[in-house]
Amino acid sequence: MIQRLLITLLLTGPLNSVTANATPSSQPTDTIDVLHWWTSPSEAAATDILKDHYTKSGFAWSDQAIAGGGGGKAMTVLKSQVISGNPPHAAQISGQGIKSWASLGLLADIDDTVNHNQWTSVLPEFVSDAIQFQGRFYGVPVGIHRSNWLWVNPGAFEDTGLAIPTSWDELIAIAPRLRQAGFIPLTHGGEAWQQAAIFESVVLSEGGADFYRQALVHHDRKALTSPTMIRVFRKLKQIVSLTPDNRSKMSWDQATREIINNKAAMMLMGDWALGEFKINGQVEGQDFYCLPAFGTEDKFIYNIDSFAMFNTRHLKDRQAQQRLTHQLMSKEIQIAFSENKGSIPVRMDATDHLQGCQKQSLEALHASIKTNTLVPSIIHGMAARESLQVPVINFVSLYMSDPAATPEEAVKSLSAALLSPAR
Ligand code: GAL
């Protein structure tokens, strides 16, 4: 019964008066238990930075790394741990998820640490907003990712003598020649969130930032059922024809290796891909390039990586959580982590070291704040809570995998799902 109540609450969104009794492991311990989904080689290396720093002063870190890009599986595991009364001390939770968990009364606020260290003075406002619920801080942010990036294998264009395309239409036009030369025009794995990542970039390019917000943040009926949305789905159909046939079998880092191994020409993926290129010894500007996703040059879809701390009665556990919070937000860790992860540090006073794609990302972030073209990722839980994020991901993925589905039907079903009163 309690289990059902909790799941319902988690899926239906904030409920302010609930306080649940789930607390991390009943015995106080010197070990911090950390759940996250960073399991690709570069993600694991970035997590090691956090782990090594934490353990070097004699404290233990128990790693719960749940495979599955985008964190869908990790969130399922987290729910089952909470329901069984055994949440981790710290968990990777992003965006609206922080607000949902906080609304259930399950998270420890970190107000004292935030205020004592005056962190808000170094965080961009949108980051500060994302980690709060009802005026209190619950999320510890570690990096900002831009989800609308394209990654280019220069070899594919040198071999074929083709120019690097500047629009989806140009890529579609040269796709047969790339295929003839043995290259997959656009690689990506077939996981639902990866397919839906293409969708959010295309919504932004076809409709612009205001349209993106109307449709995916405010769920405005007119925007959701507009001719622009039909155009988005039409374009998606064409884009699917650029992707590999075996796409349902690849994780995002395997897809990245298709660029590295000279099998594919391009890939759309957030800048965690940069970490994967680097760990494979790839040199930016020589072995690969980054380009903003077509039509989104001056725009930025953000995805903030954060951790949240679960309530505990034990002083030792609380001290461990405070220690971790403090370390994650230190300048030293923010810099070292971003070098491996491909993200931008959330501390704006820790960004001087950025170069290449990361510097471009930082510049695009500042520019998009000025021009109001910074938008939250729906796929990574920034734009909407899980009860709306998951149907969008699943729905878009089904559409992209079904050759018979039409854009008109897709628009009807997606808007019906998002406008359903039950959500
Ligand atoms: C995102 C996360 C990124 C990256 C990606 C692939 O949700 O924010 O840091 O790890 O998933 O796993």
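Reader: How many disulfides does a search of the whole structure find?

Author: Please note that this is a predicted model. A search of the whole structure finds 1 disulfide.

Reader: Which residues form the disulfide, and how far apart are their sulfur atoms?

Author: The disulfide is formed by Cys290 and Cys357, and their sulfur atoms are 2.2 Å apart.

Reader: Is the link of Cys290 and Cys357 left-handed or right-handed?

Author: The link of Cys290 and Cys357 is left-handed, with -110° about the S-S bond.

Reader: Turning to the ligand, where does it sit?

Author: The ligand sits in the largest pocket. It is surrounded by 13 residues, and the closest are Glu43, Asn303, Asp305, Lys341 and His380.

Reader: How do the residues of that shell divide into nonpolar, polar and charged?

Author: The shell around the ligand has 5 nonpolar, 5 polar and 3 charged residues.

Reader: Why does the ligand lie between domain 1 and domain 2?

Author: The ligand lies between them because domain 1 (2-145 + 303-369) and domain 2 (149-301 + 374-419) both give residues to the shell around it.

Reader: What distances separate the ligand from the side chains of Glu43, Asp305 and His380?

Author: An N or O atom in the side chain of Glu43 is 2.3 Å from an oxygen atom of the ligand. For a polar side-chain atom of Asp305, the distance to a ligand oxygen atom is 2.5 Å. In the case of His380, a side-chain N or O atom is 2.9 Å from an oxygen atom of the ligand.

Reader: How much of the ligand does the protein bury?

Author: The protein buries 99% of the 300 Å² that the ligand exposes when taken alone.

Methods:
Residues are numbered from 1 along each chain as its sequence is written. This is a predicted model: local features need pLDDT of at least 70, side-chain atom pairs count only at pLDDT 80 or more; totals for chains, interfaces and linings use all residues. Side-chain values use heavy atoms; hydrogens and water are left out. A residue is near a molecule or strand if one of its heavy atoms lies within 4 Å of it. A polar contact is a pair of N or O atoms within 3.5 Å; within protein, one must be able to donate a hydrogen and the other to accept it, and residues adjacent in sequence count only if both atoms are side-chain atoms. Accessible areas come from the Shrake-Rupley method with a 1.4 Å probe; for residues, only the protein chains shown count as cover. On a 1 Å grid over the protein atoms alone, a cavity is a set of points where a 1.4 Å probe fits but cannot get out, and a pocket is an open set with protein on both sides within 12 Å along at least five of seven lines; lining residues have an atom within 4 Å of a point. A molecule sits in a cavity or pocket if more than half of its atoms lie within 2 Å of its grid points. Ala, Val, Leu, Ile, Met, Phe, Trp, Tyr, Cys and Pro count as nonpolar, Asp, Glu, Lys and Arg as charged, and the others, Gly among them, as polar. Domain bounds come from an automatic or database domain assignment. A disulfide is a pair of cysteine sulfur atoms within 2.5 Å.
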